[in-house]
Amino acid sequence: MLTYILRRFFFLTFVLFGVSVLLFGILMTFSPERRAAAYVTTPQQAKDIPRIIQQFGLDDPFYVQYVRWIKEVSRGNMGWSLVAARPVGEAFWRYFPITLEMNLYAAPIVIFLGIWLGSVSGIHRDSWIDHSTRIFAIIGWSLPTFLFALVLLMVFYGYFQMFSPGVLSDALAMSIIDHPDQYTAYTGMLTIDGLLNGRLDIALDALHHLVLPILTYVIVVVALNMRVMRSGIIEELSKDYVLTARAKGADRRTIHYRHARRNALLPVVTVAGQLVAMSMEGSIAVEVVYNRQGIGWWLAESATQLDMPVLMCICLFMGVVFVVTNLTIDILYAYIDPRIRLN
Amino acid sequence: MDNTHPRLRELKYTLYRIFRNPSAIIGFTLLVFFIGVAVLAPVLAPPKYAHNPYQMPHKGFSPTPKPPSEKAIFGTTSGQYDIYYGVVWGTRTAFKIGLFVVVISGLFGVGLGAVSGYYGGWLDEALMRVTDIMWAIPTLVLAMAIVVAFGRGLDKVMIALALIQWRWYVRVIRSEILTLRDQDFVQAARVMGVSDFKIIRRHILPNAIYPVLIMASMDMGSMVITASFMSFVGLGSPKGYADWGQMVALARNYIVGPPDDPLRFWYTIAIPGACIILFVLAWNLIGDALRDAFDPKLRRR
């Protein structure tokens with residue numbers, strides 16, 4: 001088991017190294033002049049470009065620049081963000097809690113709803129409930145997140161005036177700005193900070209603003225989970241041990257929920273990595289449309305301003321998330337599936 | 001029927017299975033409709049600028065959309081671009097995006113995956129490590145990074161997606177080939193002295209291609225979604241280009257109308273939006289039907 005984890009760990013370090021080389025390679029397709037222009041803030045400084053190239057060694061060979069870059073990154077210096085008008089590392093921690101908050105609420109819903117709907121439709125295969133969940137899944141799969149978010153906004157914000165975009169109502173946001181001494185941002189997540197500061201109104205308002213983003217996100221992402229769970233259940237129910245259990249007279253609930261569902265959960269764990277990737281992509285669209293200033297919004301804004309340091313920071317971050325998720329999945333998988341653990 | 005070639009017979013059976021499935025019928029009907037619109041685009045909406053038919057014509061510059069009328073049957077969107085024209089020519093754009101990305105990444109991925117899966121060795125090892133690295137970043141994020149490096153534009157978006165998406169095909173075809181490589185009929189061909197190239201082409205690819213087709217069908221839809229989102233945030237096609245995602249972007253400030261009539265501008269978003277959804281739905285329904293038809297476990301019952 002330990003060698004297994006160590007081997008995975010080595011592999012993941014390799015992946016991270018590869019990702020950083022890949023990203024740096026993309027950055028290096030910019031000419032030295034273009035990269036030097038990032039340091040220029042006024043038109044008068046434009047004549048300094050050759051000097052800047054000299055000073056920062058922007059025309060050195062690839063590996064020299066790469067090593068220099070990695071050194072800076074490991075010291076926490078990721079460059080300057082135009083959108084946030086502050087260093088990338090600092091800006092990251094400002095935007096990250098908003099995205100994390102949404103994902104923390106949405107993930108359990110996606111996981112449990114997906115497993116539940118998937119097992120129901122797998123157990124009652126070809127019944128009306130199976131057909132309707134399948135249609136629901138395929139429509140959810142075909143809905144572009146940004147479009148669905150726009151339509152929800154049109155109906156629930158425009159027509160019913162129930163929810164509004166953003167993370168917090170203007171009045172409450174102003175009250176925080178006006179009395180900075182009465183509100184401490186412990187985590188940056190408004191629902192949690194609101195409670196910690198004893199401001200129930202802020203927590204509830206932030207939660208209210210989370211309803212539409214979470215709804216969008218769940219409907220678009222849940223289909224994957226559901227589909228894997230459904231085919232897992234169908235496969236397990238056709239196996240011999242189910243036949244044995246039926247023959248000895250075990251009741252249906254025991255067979256479905258104690259035997260088949262537990263085994264069908266295994267493939268669901270393996271797609272968790274894909275689920276994380278999907279939710280990262282999903283947060284970009286959701287945050288752009290609902291104007292929530294999180295990582296995804298920051299990424300899209302920076303991309304339109306061709307702000308490469310931010311893109312590299314977020315790509316590296318996603319690489320780390322991917323790597324950590326996969327390591328966790330591998331260990332979890334070995335833990336729940338003895339066939340892997342004992343090999 | 002029995003004296004036909006076995007592969008033809010199998011194909012007939014597959015087609016029979018596909019068209020027994022109602023979702024396939026809906027999917028193919030939608031697809032035929034979209035193909036018709038794309039092919040007949042010059043007839044349905046005669047271009048105003050002959051040298052650049054993808055540029056949507058506009059009368060005036062008023063930012064406020066106008067409702068459907070006799071002059072513009074689907075209304076005009078922000079900037080007075082004709083929605084009907086944009087939707088018709090946008091169909092061509094969607095096919096262009098989907099076909100370009102899927103054909104290039106599919107051919108590249110299948111070729112690379114087939115060779116490396118069949119021969120194994122250091123080539124396979126190196127290729128797998130490269131794809132491992134590429135898997136670590138979600139498609140949309142990596143595509144954005146590449147577009148930022150290359151510059152904005154729909155063609156750059158298409159190239160970026162093709163540069164990323166081949167990793168799927170390598171993975172799919174390779175896992176198929178690893179199971180086929182050591183089967184008896186391949187061994188027999190090898191013993192008879194058939195060349196490697198011919199074994200891959202005649203014996204392995206025909207047996208391994210179905211998952212690729214399913215994948216390609218689903219990809220046609222998902223690539224159009226990704227490209228339209230990139231147009232929506234302003235990385236893809238320029239303003240006024242007949243592209244569904246770009247048309248949604250134009251409508252973005254008009255999702256909520258004046259207080260007395262909040263849904264006044266519904267058509268600016270509903271019409272191009274419906275096109276994206278139906279286009280993607282068509283390919284997903286087809287992919288789903290193919291999956292059912294090719295699944296060996298469900299095939300003959």
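**Exercise 1.** Find what the buried residues of α5(B) pack against.

*Solution.* Start with the partners: these residues pack against α1 (2-27) of chain A together with α7 (154-180) of chain B. Here, buried means that 20 or more other C-beta atoms, placed from the backbone, lie within 10 Å of the residue's own. Next, name the residues: B:Ile133, B:Met134 and B:Trp135 are buried in α5(B). A helix is a DSSP run of H or I with at least four residues, numbered from the N terminus.

Keep in mind that this is a predicted model, where local features need pLDDT of at least 70, side-chain atom pairs count only at pLDDT 80 or more, and totals for chains, interfaces and linings use all residues. Residues are numbered from 1 along each chain as its sequence is written, and chains are lettered from A in the order in which they are written.

**Exercise 2.** Describe the side of chain B that touches chain A.

*Solution.* Count first: 36 residues of chain B are in contact with 42 residues of chain A, contact meaning C-beta atoms, placed from the backbone, within 7 Å. Then look at the helices: α5 (121-135), α6 (139-150), α9 (196-232) and α11 (266-294) of chain B each supply at least two residues. The largest share, nine residues, comes from α11(B).

Terms used. Two residues are in contact if their C-beta atoms, placed from the backbone, lie within 7 Å. A residue is buried if 20 or more other C-beta atoms lie within 10 Å of its own, exposed if 12 or fewer, and partly exposed in between; C-beta atoms are placed from the backbone.
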